[in-house]
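This report is written for a reader meeting the structure for the first time. Please have the sequence and the structure at hand while reading.

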Amino acid sequence: MKKIIQGALFAGLALFGLAACSTNSASNDAEDERLQVVVTNSILADMTETIGQDRINLHSIVPVGKNPHEYEPLPEDIQKTTQADVIFYNGINLETGGNAWFTKLVNNADKKKDQDYFAASDGVDVIYLEGQTEAGKEDPHAWLNLENGIIYAQNIEKQLSAKDPDNAAFYQENLADYVEKLSKLDAEAKEKFAAIPEEKKRIVTSEGSFKYFSAAYGIPSDYIWEINTEEEGTPDQIKHLVQELRDSEVPALFVESSVNERPMQSVSKDTGIPIYSTVFTDSVAEEGEEGDSYYAMMKWNLDNIAEGLSQ
């Protein structure tokens, strides 16, 4: 019954969005002839804004700090998606997994894959959840490797330039500057992590979202639960991690800014290993705070993890 009600609500919102679109389309066209761009989350929003700047009109769906795995679009999201010239989503089973909110959204807006909406992760070497290899079991957190972040940015620029060729040179120049900045941070991070003793090289977080990070920077990862759509912080999960850590030389634990910190506090209490800092995974920080852009969140993560593991 709950699914039926949710489906009816979504359909109703879609009709509302379409009606609003037809009512306001003339005034919107008059007010703003820039490329209309929609993205699914704050990380993609920052990347897209960095490349598009004032040449695009950008709408981000999932608010800062909210879980992008499962979301219920608002009427504004439906209206903006219907009106969009181009839409970017992460892919790799993030917005299309769980309650598949993004799939429902673009279907109701009559948008076509690789024509109207594009996966920013296209071209990334996908890592799967532990013990899984089939579709639907992908780990979506590819952006936590800066090399993948660069792939995201290149995909975004490619589609902005294709949809808006008059501003292609502008987008390409911004991309070049952005890639240079991200590449420098990536090289600096690899140098820092290479200097950490092997026995201390392990990042421990609440969610198992650092697999791409681990592969990029040579830091194995442990976690309480694997992905945020599963049970989170059960006694058995905590017990298992505590047993893994008791004989280790791991000097620090980390807790994500977007999750409940109490399970990690239990791990810290039971192992005697301190929580060194928060880290960012699914969202940038609020504007004006540390980590309020993709570059800033990655720099925060890289600096704090390197410092914590060097204790």
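## Isoleucine 275

Isoleucine 275 is placed in strand 8, which covers residues 275-279. The model is a predicted one. Isoleucine 275 counts as partly exposed because its relative accessibility is 29%, a value between the 20% limit for buried and the 50% limit for exposed.

Leaving aside residues up to four places away in sequence, isoleucine 275 touches Leu253, Val255, Met264, Gln265 and Ser268. Proline 251 is 24 residues from isoleucine 275 in sequence, and the C-alpha atoms of the two are 9.1 Å apart.

## Histidine 59

Strand 2, made of residues 56-60, contains histidine 59. Is this histidine 59 buried or exposed? Histidine 59 is buried, because its relative accessibility is 11% and the limit for buried is under 20%.

Apart from residues up to four places away in sequence, histidine 59 has contacts with Val37, Val38 and Val39, and also with Glu76, Asp77 and Lys80.

## Aromatic rings and charges

The whole structure holds 12 aromatic pairs. One of them joins phenylalanine 280 and tryptophan 300 edge-to-face, with 6.3 Å between the centres and 65 degrees between the planes. Phenylalanine 280 is in the loop between strand 8 and helix 10 (294-309), while tryptophan 300 is in helix 10 itself, so the pair ties together parts 20 residues apart in sequence. Phenylalanine 280 is buried, at a relative accessible area of 7%, and tryptophan 300 is partly exposed, at 24%.

One aromatic cluster is formed by Tyr71, Tyr89, Trp101, Phe102 and Tyr117. Charged side chains also lie over rings: the charged end of arginine 55 is 3.8 Å from the ring centre of phenylalanine 170, and lysine 181 is over the face of tyrosine 295, 4.3 Å from the ring centre.

## The chain as a whole

The chain has 10 helices and eight strands. It has 311 residues, 52% of which count as buried. Among contacts with a separation of 6 or more, 67% are between residues 24 or more positions apart.

## Confidence

The mean pLDDT of the chain is 90, and 89% of the residues reach 70 or more. Residues 1-9 stay under 50 in pLDDT, and the model gives this stretch one contact beyond four places in sequence. Residues 13-20 are also below 50, with 11 contacts in the model beyond near neighbours in sequence. Where pLDDT is low, predicted coordinates should not be read in detail.

Key:
Residues are numbered from 1 along each chain as its sequence is written. This is a predicted model: local features need pLDDT of at least 70, side-chain atom pairs count only at pLDDT 80 or more; totals for chains, interfaces and linings use all residues. Side-chain values use heavy atoms; hydrogens and water are left out. Helices (H or I, at least four residues) and strands (E, at least two) are DSSP runs, numbered from the N terminus. Buried means under 20% relative accessible area, exposed over 50%, partly exposed in between (1.4 Å probe, protein chains only). Contact means heavy atoms within 4.5 Å. pLDDT is the predictor's confidence in each residue, from 0 to 100. Rings of Phe, Tyr and Trp (its six-membered ring) pair if their centres lie within 6.5 Å; planes under 30 degrees apart count as stacked, over 60 as edge-to-face and the rest as tilted. A charge sits over a ring if NZ of Lys or CZ of Arg is within 6 Å of the ring centre and within 35 degrees of the ring normal.
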